[in-house]
Amino acid sequence: MKFGECNEGLFDGAVCSSCKQTFHYNCIGITEGGYRKLHEPSRKMLEEIKTMSSRMTAFEELVSQIKLMRDEFSGLISSVVDASTIIKDFGLRLQNIEDRLLDVEKTKELINNLQSRLDGQNCERDAAEQRNRMNNVELKGIPQTANENLLDLIVSIGSKTAVKLYSPHTIERL
């Protein structure tokens, strides 16, 4: 291939930015090293662009992973909110049970107090009945007759059995 002004064969050379024609380095008055140095920032820029592109791909992948994590956290937040609601409901139910237990304990205490009072009243009633029966006499086997005076009959029985009645007026009931 022949290029440039000398029309000699060319495998590598400088490319004109205007006409896009390739020249020997010597034909344009620059060494190959100088040309390479002249275009080294451009090459570095190209390498940086390639590096940035690979970094951009990694960044895009990172953004995608962050979006996925955000979606997962959104589901996790929803689960935590649901769990929180369940725990609050459980707490309310537990508080209700504790309140009811306090009511039951108060009721039990009231029942115990009422039972104590009832036991005391039963003892008092039994003592009163016992006092009332202390002076009672039950007579069996004596035939009943018409127009008899029960008070006279008791005084008569008392005198025959050696039970002294001080007065017929000490008898309260017949």
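These notebook entries record what I looked up in a predicted model of one protein chain.

**Entry 1. Confidence**

The protein chain averages a pLDDT of 78, and 66% of the residues score at least 70. I then compared the elements of the chain: helix α2 has the highest mean pLDDT, at 86, whereas strand β1 (residues 2–3) has the lowest, at 48.

**Entry 2. Secondary structure and packing**

I listed the elements next. The chain holds four strands and three helices, and their order along the sequence is β-β-β-β-α-α-α. Helix α2 spans residues 40–134, and α3 covers 150–160.

I turned to burial and contacts. Of the 174 residues, 6% count as buried. For contacts between residues at least 6 apart in sequence, I noted that 5% join residues at least 24 apart. The accessible surface comes to about 15,800 Å², and carbon and sulfur atoms account for 57% of that surface.

**Entry 3. A nonpolar surface patch**

Which residues form a nonpolar patch on the surface? I found Met69, Phe73, Leu76, Ile77, Val80 and Val81 there, with about 570 Å² of accessible area together. I looked up one member individually. Methionine 69 lies in helix α2. Its relative accessible area is 43%, so methionine 69 is classed as partly exposed.

**Entry 4. Salt bridges**

How many salt bridges does the count give? I recorded two. One joins the side chains of arginine 125 and aspartate 126, at 3.2 Å from N to O. The other pairs arginine 125 with glutamate 129, at 3.7 Å from N to O.

I checked the placement of the second pair. Arginine 125 and glutamate 129 both lie in helix α2, four residues apart, which is about one turn of the helix.

**Entry 5. A positive phi angle**

Where is asparagine 147 found? I located asparagine 147 in the loop between α2 and α3. Phi of asparagine 147 is near 55°, a positive value in a residue other than glycine. I noted this value because most residues other than glycine have a negative phi.

Methods: Residues are numbered from 1 along each chain as its sequence is written. This is a predicted model: local features need pLDDT of at least 70, side-chain atom pairs count only at pLDDT 80 or more; totals for chains, interfaces and linings use all residues. Side-chain values use heavy atoms; hydrogens and water are left out. Patches are made of residues with over 30% relative accessible area and no salt bridge: like charges are joined within 9 Å, nonpolar side chains (Val, Leu, Ile, Met, Phe, Trp, Tyr) within 5 Å. Accessible areas come from the Shrake-Rupley method with a 1.4 Å probe; for residues, only the protein chains shown count as cover. A salt bridge is a side-chain nitrogen of Lys or Arg within 4 Å of a carboxyl oxygen of Asp or Glu. Helices (H or I, at least four residues) and strands (E, at least two) are DSSP runs, numbered from the N terminus. Buried means under 20% relative accessible area, exposed over 50%, partly exposed in between (1.4 Å probe, protein chains only). Contact means heavy atoms within 4.5 Å. pLDDT is the predictor's confidence in each residue, from 0 to 100.
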